[in-house]
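Open your viewer and get ready to select residues by number. This tour goes stop by stop.

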Amino acid sequence: MKIDKIQGQGISNKSFTKLQSDSSFAEILNNEISSINFTNHASKRLESRGISLSSQDISRMNYAMERLAKKGSKESLVLMDNKAFVVNPKSKTIITAVSQENLKDNVFTNIDSAIIL
């Protein structure tokens with residue numbers, strides 16, 4: 001039933017059949033929801049720190065990364081709802097994530113820009 005819903009949201013039958021044969025359902029869904037990548041480190045940090053991203057958060061992160069990429073940023077800090085993310089806007093990759101509890105006294109290095117959402 002979920003596949004039908006995705007199919008009805010803009011993926012052509014030809015594309016859907018190709019995706020279905022080449023990818024798992026999770027990969028198809030992930031591609032449709034987001035073009036954001038996560039490093040292994042970021043995935044572990046998100047899980048260990050209990051940080052979840054809603055589809056709205058992913059949209060906001062896409063917006064931030066597009067703005068940062070237009071400015072030529074290479075590695076950036078994104079502050080969003082008491083969470084911090086170090087990202088590479090050019091590759092749309094989240095490098096690490098920090099929850100509110102871990103923000104205090106944290107020093108972010110090797111960034112060239114920041115955006116507050």
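## Stop 1: An arginine to start from

Select R60, which is partly exposed, with a relative accessible area of 23%. Here buried means under 20% relative accessible area, exposed means over 50%, and partly exposed lies in between (1.4 Å probe, protein chains only).

Before moving on, note what you are looking at. This is a predicted model, in which local features need pLDDT of at least 70 and side-chain atom pairs count only at pLDDT 80 or more, while totals for chains, interfaces and linings use all residues. Residues are numbered from 1 along each chain as its sequence is written, and side-chain values use heavy atoms, with hydrogens and water left out.

Now show the side chain of D81 as well. R60 and D81 meet in a salt bridge, 2.7 Å from N to O. R60 lies in helix α5 and D81 in the loop between β2 and β3, so the pair ties together parts that are 21 residues apart in sequence. A salt bridge is a side-chain nitrogen of Lys or Arg within 4 Å of a carboxyl oxygen of Asp or Glu. Helices (H or I, at least four residues) and strands (E, at least two) are DSSP runs, numbered from the N terminus. D81 is partly exposed, at 42% relative accessible area.

## Stop 2: The other partner of the arginine

D57 forms a salt bridge with R60, with the closest N and O atoms 3.8 Å apart. Both residues lie in helix α5, 3 residues apart, which is about one turn of the helix. Is D57 buried or exposed? D57 counts as buried, at 9% relative accessibility.

Which residues does D57 contact, beyond its neighbours within four places in sequence? They are S52, M80, D81 and K83. Contact means heavy atoms within 4.5 Å.

## Stop 3

Select K92 and E66. Their side chains meet in a salt bridge at 3.6 Å, N to O. This pair links distant parts of the chain: K92 is in the loop between β3 and β4, E66 is in helix α5, and they are 26 residues apart. K92 is buried, with a relative accessible area of 19%. E66 counts as partly exposed, at 41%. Salt bridges that share partners join D57, R60 and D81 into one network. The count for the model comes to 3 salt bridges.

## Stop 4: Along helix α5

Select residues 55-70, which make up α5. This helix has 16 residues and reaches 23 Å from its first C-alpha to its last. That is close to the 22 Å expected at 1.5 Å a residue; the expected span is 1.5 Å times one less than the number of residues.

Colour D57, I58, M61, N62, A64, M65 and L68, the buried residues of α5. Look down the helix axis: these buried residues fall within an arc of 165 degrees, so they line one face of the helix. The arc is that of the directions from the helix axis to the C-beta atoms. On the other side, S55, Q56 and K70 are exposed. After α5 comes G72, whose phi is positive, near 85 degrees.

## Stop 5: The nonpolar core

In soluble globular proteins, nonpolar side chains tend to be buried together. A nonpolar core is a set of buried Ala, Val, Leu, Ile, Met, Phe, Trp, Tyr and Cys residues joined through side-chain atoms within 4.5 Å.

Select I36, M61, M65, V78, F85, V87 and I94. Of the 16 residues in the largest nonpolar core, these touch the most other members. Elements that each supply at least two residues of this core are α4 (40-48), α5 (55-70), β2 (76-80), β3 (83-88) and β4 (93-98). Which element gives the most? It is α5, with 5 residues.

Zoom in on M61. Not counting residues up to four places away in sequence, M61 touches I36, V78, M80, F85, V87 and I94.

## Stop 6: Strand β2

Select L77, placed in strand β2. L77 is buried, with a relative accessible area of 9%. Beyond its neighbours within four places in sequence, L77 contacts A84, F85, V86, F108, I111, S113, A114 and I115.

## Last stop: The whole chain

Zoom out and colour by secondary structure. There are 6 helices and 5 strands. From the N terminus, the elements run α-α-α-β-α-α-β-β-β-α-β. Of the 117 residues, 31% count as buried.
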